[in-house]
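Colleague: I am new to this structure and would like to learn how to read it. Could we go through it together, one feature at a time?

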Amino acid sequence: MRLLLPAAILVVALFAAPAPAADDYTHGPDSERQPGVPAGKVTGPTKWKSEVYAGTERDYWVYVPAQYRADEPACVMVFQDGGGFVSEKGPFRVPVVFDNLIHRKEMPVTVAVFVNPGVFPAEGKKEGRKNRSFEYDTLSNQYAGFLEKELLPEVGKTVKLRPDAAGRAICGSSSGGICAFTAAWERPDLFSKVLSSVGSFTNIRGGDVYPGLIRKTERKPIRVLLQDGSGDLDNAHGHWPLANQSMVAALRFMSYDYRFVYGDGAHNGRHAGVILPDSLKWLWR
């Protein structure tokens, strides 16, 4: 049976203003270069051959703010999939945001370490076998150990970093988001602050167990900001929006210091990039 609409309703439907498009997010001034704000220095990419992930190599970059002084150890924030976060033209624009917020003292003097996932080089081939899912989606302390034993000590050879968890944060998007949470969950003595964008808290490698684990584990001293959107993925691994909402419910139940920012975006960094300045202010407050 077809439903016939009155003519007046049809007219309204035809001429009504369109709904805002999903992912319709615009960067604010904190994500743009501002006059009078000193720019930090980015070095890299530098190649690193890992022993924790034997046989892999990866690129990493280091951002040091203009306010850094060698006699005072700086806070540090690690970004998975670093090549996407270090770009000043991408959705996150971390060096620009750090410059603006540090200049206004809205976050502490913080060194950023941008690290890509490992790759097993293949002789004679342009691209080797990627190790991203194993490193990021596995629920273990191995990735935190890689940062603790290899990458952060290497960065620490040229810039002094705070060794305490209160001075350390970790961030990622998608599988990099669950990786950030896992690093802090497994090693809250290393990282006390987590920023996850469209985090893959689904059954890729068992990450969907986290809401239950959170509810049945003594609260850990970590602060967590989760971002997701109603247009995120829904596939064989799970439903990303529901998974993130389950994480939020568990964090709330256990009285964690958390924030959840939910929009209408898809599985990308547009929304998270636009809110990055406010996210960092909250995370480092």
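Modeller: Gladly! Let's begin with burial: a residue counts as buried when its relative accessible area is under 20%. Please keep in mind that this is a predicted model.

Colleague: Is cysteine 179 buried or exposed, then?

Modeller: Cysteine 179 has a relative accessible area of 2%, so this residue is buried. You will find cysteine 179 in helix 6.

Colleague: Which residues does cysteine 179 touch?

Modeller: Leaving out residues up to four places away in sequence, cysteine 179 touches Gln80, Glu135, Tyr136 and Tyr143.

Colleague: Let's turn to the rings. How many aromatic pairs are there?

Modeller: Two rings pair if their centres lie within 6.5 Å. The count here comes to 15 aromatic pairs. One of them joins phenylalanine 79 and phenylalanine 85, with 5.2 Å from centre to centre and 40° between the planes, a tilted arrangement. Both phenylalanine 79 and phenylalanine 85 are buried. Another pair is edge-to-face: phenylalanine 181 and tyrosine 210, at 4.9 Å centre to centre and 80° between the planes.

Colleague: Where in the chain do phenylalanine 181 and tyrosine 210 sit?

Modeller: Phenylalanine 181 belongs to helix 6 (residues 175-186) and tyrosine 210 to helix 7 (residues 210-215), so to speak a link between distant parts of the chain, 29 residues apart. Phenylalanine 181 counts as buried because its relative accessibility is 1%. Tyrosine 210 is buried too, with a relative accessible area of 1%.

Colleague: Which residues form an aromatic cluster?

Modeller: Tyr63, Phe79, Phe85, Phe92, Phe98 and Phe114 form one aromatic cluster.

Colleague: What sits over the ring of tryptophan 282?

Modeller: That is the charged end of arginine 223, 5.8 Å from the ring's centre. Lysine 220 lies over the face of tryptophan 185, at 4.0 Å from the ring centre.

Colleague: How should I read a helix?

Modeller: An α-helix has 3.6 residues a turn, so residues three or four places apart point the same way. Now look at helix 3 (residues 94-103), which is mostly covered, with 9 of its 10 residues buried. Among the buried ones are Val94, Phe98 and Ile102.

Colleague: What covers the buried residues of helix 3?

Modeller: The cover includes strand 1 (41-49), strand 2 (57-64), strand 3 (75-80), helix 2 (82-86), strand 4 (110-115) and helix 10 (276-283). Just after helix 3, look for lysine 105, which takes a positive phi of about 60°.

Colleague: And a loop residue? Where is asparagine 268?

Modeller: Asparagine 268 is in the loop between strand 12 (257-263) and helix 9 (270-274). Its side chain makes a polar contact of 2.8 Å with the side chain of aspartate 23. A polar atom of the asparagine 268 side chain also lies 3.1 Å from the backbone nitrogen of arginine 270. Beyond its neighbours within four places in sequence, asparagine 268 is in contact with Asp23, Ser197 and Val198.

Colleague: Last, the pockets. What volume does the largest pocket have?

Modeller: The largest pocket has a volume of about 260 Å³. Its lining includes Lys47, Glu57, Arg58, Asp59, Asn116 and Arg132. Strand 2 gives the most to this lining, with 3 residues.

Notes:
Residues numbered from 1 in each chain as written. Predicted model: local features only at pLDDT ≥ 70, side-chain atom pairs only at ≥ 80, totals over all residues. Heavy atoms only, no water. Phe/Tyr/Trp six-rings, centres within 6.5 Å; stacked < 30°, edge-to-face > 60°. Buried < 20%, exposed > 50% of the residue type's maximum accessible area, 1.4 Å probe, protein only. Helix = DSSP H or I, 4+ residues; strand = E, 2+ residues; numbered from the N terminus. Lys NZ or Arg CZ within 6 Å of the ring centre and 35° of its normal. Polar contact = N/O pair within 3.5 Å; in protein donor to acceptor, adjacent residues only side chain to side chain. Contact = heavy atoms within 4.5 Å. 1 Å grid on protein atoms, 1.4 Å probe; cavity = no way out; pocket = protein on both sides within 12 Å on 5 of 7 lines; lining within 4 Å. Points joined across faces, edges and corners; volume = space filled by probe spheres on them.
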